[in-house]
Amino acid sequence: MPLLTPWCRSMGMDVPIVNAPMGGAAGGRLAAAVSRAGGLGMVGMGSAGTAEQLTTQLRELSDLERPFGIGLVHWVTRREPRLLETALAARPALLSVSFGDDFEWVARAHDAGVTTATQVGTTEAAHRGVDAGVDVLVARGAEGGGHGEPRVGTLPLLTEVLDRVEVPVLAAGGIASGRGLAAVLAAGASAAWLGTVFAACPEALTPPASRAALLSAEAEATALTREFDIAGGYPWPEHLPERVLTDDAGRPTPVNAGQSVGMVAGAVPAADLIARMCGDAEALLRRWVSAEGAG
Ligand SMILES: Cc1cc2nc3c(=O)[nH]c(=O)nc-3n(C[C@H](O)[C@H](O)[C@H](O)COP(=O)(O)O)c2cc1C
């Protein structure tokens, strides 16, 4: 029972896993490893992203014969227009631009033959994305790491968005094991979009101290903050704080992580992580194929 959804097939993927485009973590090496393992590897440019950095990371994909994606932050593409141009010129299978309400980029991506995605945190945002012509929505729940609109948890958000829209919906926020993957696929998600768990992989750009912090943190050790965006002078809108790790005293640290961080137990290579998650999810879902196996 391969865990393939129609959307994954249409994208040329072999497993229903997308690595979240994470600035400072999801560079070309991680994206290449995820795509080679059958998922969709995404290169992410965050608050400090530039066209030059994107070009450097894309070099890691030069001999990749698999689909890959690129993820950008909306206000950064406004500040640095060459980011969008560079992204489209690389002909990704998927372009995601998140955290903005202006969807002018969608037509430009479609003109270039590129499928579009955006992360949404509410059903209103989901409708806005669909009305703007976005092809795929990422229902990103409040438990997710990094920036996002922390209004609704992943399961209620995902299920409501799936009920309301016709486009494929990916699930994000708090998914880091076969159990979470099985749950969102069973609910109807077209794939899972995983951040925190991939940030700990050896292929990620995550600095060693941050990786060590991810590996040792418990699920409760995260908080929402705007502290570092304000200190860095980044114009993130007020309704989009970031979820970060906290220190022993409960204060925010500048390491992005979601509530799935307690499940991140080792710096496992991306291909091994994907194989393990898919194997576990498949075993769980298979139990329901025959009634006597369930339980
Ligand atoms: C280290 C890290 C960096 C992130 N950077 C970005 C980013 O640059 N752009 C973006 O759209 N989302 C970013 N995110 C959010 C992810 O796209 C996604 O919403 C989130 O990771 C999903 O939840 P999870 O971390 O529980 O898997 C980041 C997340 C993490 C953990």
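Predicted model: local features only at pLDDT ≥ 70, side-chain atom pairs only at ≥ 80, totals over all residues.
The ligand site comes first. The ligand is surrounded by 21 residues. The closest of these are Gly23, Gln119, Gly174, Gly195 and Thr196. By class, the shell holds twelve polar residues, eight nonpolar residues and one charged residue.

At Pro21, a backbone N or O atom lies 3.0 Å from a nitrogen atom of the ligand. For Gly23, the distance from a backbone N or O atom to a ligand oxygen atom is 2.9 Å. For Gly174, the corresponding distance from a backbone N or O atom to an oxygen atom of the ligand is 2.8 Å. Gly23 and Gly174 are also among the closest residues of the shell. On its own, the ligand has 590 Å² of accessible area, and the protein covers 95% of it.

Helix packing was examined next. Helix H5 spans residues 82-89 and helix H6 spans residues 104-111. H5 and H6 pack at an angle of about 25°, and their axes are 10 Å apart. Angles under 35 degrees count as roughly parallel, so H5 and H6 fall in that class. Their crossing is right-handed.

H5 also packs against helix H3, which covers residues 51-59. The angle between H3 and H5 is about 20°, with the axes 8 Å apart. This angle makes H3 roughly parallel to H5. H3 passes H5 in a right-handed crossing.

The crossing of H7 and H8 is right-handed.

Notes: Residues numbered from 1 in each chain as written. Heavy atoms only, no water. Near = heavy atom within 4 Å. Polar contact = N/O pair within 3.5 Å; in protein donor to acceptor, adjacent residues only side chain to side chain. Areas by Shrake-Rupley, 256 points an atom, 1.4 Å probe, with all protein chains shown as cover. Nonpolar A, V, L, I, M, F, W, Y, C, P; charged D, E, K, R; others polar. Axes fitted to C-alpha atoms, helices over the stretch in contact; angles between N-to-C directions. Helix = DSSP H or I, 4+ residues; strand = E, 2+ residues; numbered from the N terminus. Parallel < 35°, antiparallel > 145°, perpendicular 65-115°, else oblique. Left-handed = near helix turned anticlockwise from the far one by under 90°.
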